[in-house]
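Please read it alongside the sequence and the coordinates.

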Amino acid sequence: MNEQRFTMMNLASREMVGNIRDIIEIVSTVELNNYGEGRFQNGPTMVEFKPTEIESEEQTFNVYLPINEEVSGEGNDGVNWKWIPELDITKVLRSRVPFDEGIETKLEEMKSYLQENSIPYEDRLILLFSKIYEEYWVDMVIPYV
């Protein structure tokens with residue numbers, strides 16, 4: 001686990017409603033529906049949500065794609081995209097795990113670390129999805145105060 005600053009630039013962003021069980025489908029759908037002529041993704045897909053809502057049947061996900069050019073308006077699937085020039089979070093706790101192994105355990109470890117060190121944290125979890133040899137790895141990011 002690393003305490004650090006978190007900054008991403010040139011992000012296409014949209015909201016999606018779904019269930020945590022469908023998160024890989026959400027990531028795949030978003031990655032496929034943003035490409036146009038001359039546009040390409042230049043970083044990991046990010047999904048942000050509230051960990052306290054994981055057990056809910058539906059939750060709102062904010063999805064971010066770092067891309068090479070500004071976008072706005074309707075995507076290929078009819079959903080509107082917003083452009084965010086920079087997302088900068090001053091303090092985060094960050095850790096990387098394979099998607100299929102240990103996300104829940106790592107999340108509990110991260111929360112325990114923050115609690116044991118009396119560090120107040122936000123009800124936000126950002127997952128950065130990177131595909132490595134056909135397997136998704138996830139950087140888990142928890143913003144704190």
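Predicted model: local features only at pLDDT ≥ 70, side-chain atom pairs only at ≥ 80, totals over all residues.

Residues are numbered from 1 along each chain as its sequence is written, and side-chain values use heavy atoms, with hydrogens and water left out.

**Overall fold**

- The secondary structure of the protein chain comes to 2 helices and 7 strands, where helices (H or I, at least four residues) and strands (E, at least two) are DSSP runs numbered from the N terminus.
- Read from the N terminus, the order of these elements is β-α-β-β-β-β-α-β-β.
- The radius of gyration, taken over C-alpha atoms, is 15 Å, close to the 15 Å that the globule rule gives for 145 residues, so the chain is as compact as a globular protein of that length; the rule is 2.2 Å times the number of residues to the power 0.38.
- Among contacts (heavy atoms within 4.5 Å) with a separation of 6 or more, 73% join residues 24 or more positions apart.
- Buried residues make up 41% of the 145 residues, where buried means under 20% relative accessible area, exposed over 50% and partly exposed in between, with a 1.4 Å probe and protein chains only.

**Nonpolar cores**

- A nonpolar core is a set of buried Ala, Val, Leu, Ile, Met, Phe, Trp, Tyr and Cys residues joined through side-chain atoms within 4.5 Å; in the largest one, which has 30 residues, Val47, Leu127, Phe129 and Met140 touch the most other members.
- Elements that each supply at least two residues of this core include β1 (2–18), α1 (23–32), β5 (80–98), α2 (103–116), β6 (125–132) and β7 (135–143).
- A second, separate core of 11 residues includes Leu11, Tyr64, Val92 and Ile126.
- Leaving aside residues up to four places away in sequence, Met140 touches, among others, Leu93, Ile103, Leu107, Met110 and Leu127.

**Strand β7 and its partners**

- β7 is mostly covered, with 7 of its 9 residues buried.
- Strands pair if DSSP finds at least two bridges between them, and β7 pairs in the antiparallel sense with β5 over 7 bridges and with β6 over 7 bridges.
- Arg94 has Val141 of β7 as its bridge partner, while Phe129 has Val138 of β7.

**Helix α2**

- α2 has 14 residues and reaches 20 Å from its first C-alpha to its last, close to the 20 Å expected at 1.5 Å a residue, that expectation being 1.5 Å times one less than the number of residues.
- The buried residues of α2 are Ile103, Lys106, Leu107, Met110 and Leu114; seen down the helix axis they fall within an arc of 105°, so they line one face of α2, the arc being that of the directions from the axis to the C-beta atoms.
- What covers these buried residues includes β5, β6 and β7, whereas the face turned away from the buried side carries the exposed residues Glu104 and Glu116.

**Positive phi in two loops**

- Most residues other than glycine have a negative phi.
- Ser118, in the loop between α2 and β6, has a positive phi of about 50° although it is not a glycine, and at 64% relative accessibility Ser118 counts as exposed.
- Tyr133 lies in the turn of the hairpin that β6 and β7 form with 2 residues between them, and has a positive phi of about 50°; at 80% relative accessibility Tyr133 counts as exposed.
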